[in-house]
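Work through the following exercises with the sequence and the model side by side, and try each task before reading its solution.

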Amino acid sequence: MYSALALWHDPCTKSAGEPTFAENYTPTDSINGKDAVERLAVRQELSAPLMTELHAWLTTQLARLSRNHDLAKAINYMLRRWDAFTCFLDDGRVCLTNNAAERALRCVPLGRKAWLFCGSDRGGQRAAVLYTLIQTARLNDVDPQAWLADVLARIAEHPVRQLDRLLPWNWRKQRGMLSQAA
């Protein structure tokens with residue numbers, strides 16, 4: 001996919017006056033930090049036509065290439081995932097980058113040697129689940145340590161059909177009601 005986008009970005013492959021990929025990404029810079037409704041309106045106005053142009057361009061380039069060419073494989077990969085790639089045009093809450101996720105993981109030591117503590121693939125999966133739980137609590141303005149301690153203390157006796165009440169976004173509301181009742 002990157003090679004297809006890089007080709008679209010390459011000034012040598014563009015006709016005079018056509019925008020490059022970097023110029024197409026610029027409209028989203030102005031809406032960072034705005035609410036979802038505003039972002040959606042700007043995306044519909046500015047980004048949707050660009051994505052339509054990109055889709056047409058990719059389809060045209062694909063027709064020119066051999067089916068086994070690496071670039072054709074990259075274009076096919078992107079076109080098969082087009083709905084996922086363009087979901088930001090239908091939902092203003094969707095972020096175009098994964099910067100927030102990367103910032104959230106900065107506290108986690110990265111690198112081959114740092115992951116040795118996992119011990120196995122299953123250990124790595126468990127670590128990923130824990131990181132997800134902790135970050136979900138943080139994103140919901142819940143203290144992860146307090147939340148995990150409370151949930152682990154109550155989960156054995158908690159009704160299975162009401163496990164959703166222990167999720168961070170519901171737990172905060174429930175804790176607020178309990179503190180008001182006390």
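The exercises below concern a predicted model and go from the whole chain to a helix pair and then to an aromatic pair.

**Exercise 1.** Describe the secondary structure and the burial of the chain.

Solution. Begin with the elements: the chain has nine helices and zero strands, so that its order from the N terminus reads α-α-α-α-α-α-α-α-α. Finally, consider the contacts between residues at least 6 apart in sequence, of which 53% join residues at least 24 apart.

**Exercise 2.** Characterise the packing of helix 7 and helix 8.

Solution. First take the geometry: helix 7 (residues 121–139) packs against helix 8 (residues 144–154) at an angle of about 120°, and their axes are 9 Å apart. The crossing of these two helices is right-handed. Then list the residues that make the contact, which are L133, I134, A137 and R138 from helix 7, together with P144, W147 and L148 from helix 8. Sorted by class, the contact of helix 7 with helix 8 comprises six nonpolar residues, no polar residues and one charged residue.

**Exercise 3.** Locate the one aromatic pair in the whole structure and classify its geometry.

Solution. The pair consists of W82 and F85, whose ring centres are 5.3 Å apart and whose planes stand at 50°. Because planes under 30 degrees apart count as stacked and those over 60 as edge-to-face, the pair of W82 and F85 is tilted. Both residues belong to helix 5 (residues 82–85), where they are three residues apart, about one turn of the helix.

Key:
Residues are numbered from 1 along each chain as its sequence is written. This is a predicted model: local features need pLDDT of at least 70, side-chain atom pairs count only at pLDDT 80 or more; totals for chains, interfaces and linings use all residues. Side-chain values use heavy atoms; hydrogens and water are left out. Helices (H or I, at least four residues) and strands (E, at least two) are DSSP runs, numbered from the N terminus. Buried means under 20% relative accessible area, exposed over 50%, partly exposed in between (1.4 Å probe, protein chains only). Contact means heavy atoms within 4.5 Å. Axes are lines fitted to C-alpha atoms, for helices over the stretch in contact, and angles run from 0 to 180 degrees between N-to-C directions. A crossing is left-handed if the near helix is turned anticlockwise from the far one by less than a right angle, and right-handed if clockwise. Ala, Val, Leu, Ile, Met, Phe, Trp, Tyr, Cys and Pro count as nonpolar, Asp, Glu, Lys and Arg as charged, and the others, Gly among them, as polar. Rings of Phe, Tyr and Trp (its six-membered ring) pair if their centres lie within 6.5 Å; planes under 30 degrees apart count as stacked, over 60 as edge-to-face and the rest as tilted.
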